[in-house]
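The exercises below are meant to be worked through with the structure in view. Please try each task before reading its solution.

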Amino acid sequence: MAYLALYRAWRPQKFKEVVGQEQTVTAFKNAIAEGRMAHAYLFSGPRGTGKTSVAKILAKALNCLNVSEGEPCNECSSCLDINRGNFMDVVEIDAASNRGIDEIRELREKVRIMPAQGNKKVYIIDEVHMLTTEAFNALLKTIEEPPESVIFILATTELQKIPATIVSRCQTYQFRRITMAEITARLEQVAAANNIEISPEAVAIIARRSNGGLRDALSILDQIYSYKGTAVQKEDVLEVLGLVDEIFMAELMDALLSHDSAQVINLLNIALDQGKESQQIARESISYLRDLLLYSLLGDKAELMAANQSHKDVLDKQKGKTNQRKLLLALRKVMDTADRLRFSEGNRFQLEIAFLEISEILSDNNIEPKPIAKAAVVGDSGIKKDKAKKKDVREDLWKQILNKVKEKRIPTHALLFQGNLLGIKENTMFIGYKKGYKFHKERMEEQANREILETVIKEILEKDMKIQFIFLEDEQYNDIVVKKAIEIFGEEVIEIKED
Ligand SMILES: Nc1ncnc2c1ncn2[C@@H]1O[C@H](COP(=O)(O)OP(=O)(O)OP(=O)(O)O)[C@@H](O)[C@H]1O
Ligand SMILES: [Mg+2]
Ligand SMILES: [Zn+2]
C-alpha cells in the first residue's frame, strides 16, 4: 500500500483552509487587504499546528498577482512558483539544520537587494530557537532596520528560547493546539477524500493521540492506511499505535497506586528493555496522570489524551484509589522528572527513583483529599481557607497593580480590571479573562496598554516581566493551570479567583 504523505498533500494553501487559529488568520487577512504589514513576525506554538503553513500562505498573499480579500489565488505565476519553492524572493531558512550561521550572514548581505521577482522579499526562518547566539545577533541587526520591502517570519516551538531583544521587535502570534473536534473533522474530511473508511472510534483514538498537532494526526492516519488499507477500525489503530502502551500505562499506574514497588520497577525495566527512552516513559506517565486527574475532576466531560475512552472502567477504578491532591503532586513530580531526564544520560536510575517517590506520594495517607484543582479546571470558586495566605499574596499584588495602573491611565485600568492575576511562572505573568471579555483582553494586548502594565509591574516587582493574557476557558489555560502558573502563589497549585 502506497504511502500518501497526507500531511503534505493536505497543507492548507489559503487562509480559509487553515484549521483553527482563527484570530491569527483573520488578523493576517485584514492586514493584507488593508496593506498594513509589520516587518517581523514571530509565530510560536506546538508542532504541526500550522506555523509554516501560515507563513507560506502569507508569503504568497504578499506576492500574489490576483490577491483577493487577503487570500492568494494559487494560480498566478508567483503563487505557483512559491508553491513549488522556486520563487526567488521567498527564502526559507531552517535554523535547525546548521544553526543558521552562514545563512544569516548571507541574509544580512542580501537583504538590502530589492526583490527580484515580486513585491516583497519574505524570509521564513523555521525553528528559529535553534540559532546560535552569533546568528541571533546578526538577525537582530537585520530586523532592527529592515528595508521596506522585506518581511521576516520567524517560527518556533519554543518561544522561551528566543531572546527578548528579538521577541520585542516582532509582532507575535501564538498558535494553539488544534482541538479534538477540529482534528476529528479534518481526519474525517481527509479520509473521505481518499476513500478511506474509518470508524468514528478509530478517528477518536487518532485525534486523542495526536495531542493537538494536525501533522501528527495526518501522519498516523497515513501509517495506518499504508499498513491496513482503506478500511480502518479501532483495532487497526491500536495495533499500529501500540495498544501495548495503553495497557502498559494502566498497569504501571495500578502498581503505583497499590504501592507495589517491585512491580513498578519490573514494569519500568520491561519498557526500558523494549527500547523505550526514560524520558518517553516519563512523558507518557504525565499524559496518563493528567488524564486521570481530569477524569476525576470532570468525569465524562474530560477530553482525554492518552487513556482510551473505552478504558474508562480502568480509570474509574484507579481514581477510587487516590485523590486529586495526590494526583497533582504525582503529576508535578513526574513533570520535574521528565524535565530533568532531558539533560541526563544513564538515567534509568533517576527514573526508578522518581517512580518510587511517586508511589510514595500516591500512597501517602497524610495527603488530605482536598479538591484543589477543581477551581482551576472547571472555574468554580473552590478556594479553601487554608490557602488564604497565598491568595492574599496574589490579591495584594493584583490590587497594587490595578491601583498603579489606575494612576497612570484610567481606561487601561478599566480594561485590566475585568481580568485576574493567575500566577507567575519564570518571567511571565499570566492574566486571565473570561471568554465574554474578549474585547478587554484584546485591548490589553495592544502595545500602549501592555506597556503601561509592564511599567507598573516593573515598578512593583523591580524586574522585567512578560505578560501573557489568556482566556480562562481555553485549553492553553488548563496547561498553564496544571503545569505552569504554579510558582509564586501556591505550593501545590494555583488558586484561581473566579467570581
Ligand atoms: N492549522 C492547520 N490547518 C490545516 N492543516 C494543518 C494545520 N496545522 C498543521 N496542519 C497539517 O500539518 C502539516 C504541517 O503543518 P505546519 O508545517 O504548518 O506545522 P508547523 O506548526 O510549522 O509545525 P513545526 O513546528 O513542526 O514546524 C500541514 O501540511 C498540514 O497538513
Ligand atoms: Mg514548521
Ligand atoms: Zn496568486
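**Exercise 1. Describe the second largest pocket: how much space lies in it, and which residues line it?**

Solution. In this predicted model, the second largest pocket holds about 420 Å³ of space. Its lining is made up of 24 residues, and those closest to the centre of the pocket are Gly48, Thr49, Gly50, Ser53 and Arg215. Turning next to the secondary structure, we find that α3, β4 and α11 (214-228) are the elements that each contribute two or more residues to this lining.

**Exercise 2. Determine which residues hold the zinc ion (ligand 3), and what arrangement the donor atoms form.**

Solution. Begin with the donors: the SG atoms of Cys64, Cys73, Cys76 and Cys79 lie 2.3 Å from the zinc ion (ligand 3). The next step is to examine the angles that these four donor atoms subtend around the zinc ion, and because they run from 101 to 120°, the arrangement is tetrahedral. Along the sequence, the donor residues follow the spacing C-x8-C-x2-C-x2-C. Cys64 belongs to the loop between α3 (51-63) and α4 (77-84), while Cys79 belongs to helix α4, so this pair ties together parts that are 15 residues apart in sequence. As for accessibility, Cys64 has a relative accessible area of 7% and is therefore buried, and Cys79, at 0%, counts as buried too.

**Exercise 3. Locate Glu69 and Glu127, and decide for each whether it is buried, partly exposed or exposed.**

Solution. Glu69 sits in the loop between α3 and α4, whereas Glu127 sits in the loop between β3 (121-126) and α7. The relative accessible area of Glu69 is 68%, so Glu69 is exposed; the value for Glu127 is 29%, so Glu127 is partly exposed. A last step concerns the backbone. Most residues other than glycine have a negative phi. Glu69, however, has a positive phi near 50°, and the phi of Glu127 is likewise positive and near 50°.

**Exercise 4. Find where Ser149 lies, and work out whether it is buried or exposed.**

Solution. Ser149 is placed in the loop that runs between α7 (133-144) and β4 (150-156). Its relative accessible area is 11%, and because a residue under 20% counts as buried, Ser149 is buried. To see what surrounds Ser149, set aside the neighbours within four places in sequence; the contacts that remain are with Met114, Pro115, Asn119, Lys120 and Lys121.

Conventions. Residues are numbered from 1 along each chain as its sequence is written. Chains are lettered from A and ligands numbered from 1 in the order in which they are written. This is a predicted model: local features need pLDDT of at least 70, side-chain atom pairs count only at pLDDT 80 or more; totals for chains, interfaces and linings use all residues. Side-chain values use heavy atoms; hydrogens and water are left out. Helices (H or I, at least four residues) and strands (E, at least two) are DSSP runs, numbered from the N terminus. Buried means under 20% relative accessible area, exposed over 50%, partly exposed in between (1.4 Å probe, protein chains only). Contact means heavy atoms within 4.5 Å. Donors are N, O and S atoms within 2.8 Å of the metal (3.2 Å for Na, K and Ca); water is not among the atoms, so sites may look incomplete. Four donors count as tetrahedral if all angles lie between 85 and 135 degrees; four count as square planar and six as octahedral if opposite donors are over 155 degrees apart and all others between 65 and 115; anything else is irregular. On a 1 Å grid over the protein atoms alone, a cavity is a set of points where a 1.4 Å probe fits but cannot get out, and a pocket is an open set with protein on both sides within 12 Å along at least five of seven lines; lining residues have an atom within 4 Å of a point. Grid points are joined across faces, edges and corners, and a volume is the space filled by probe spheres set on the points.
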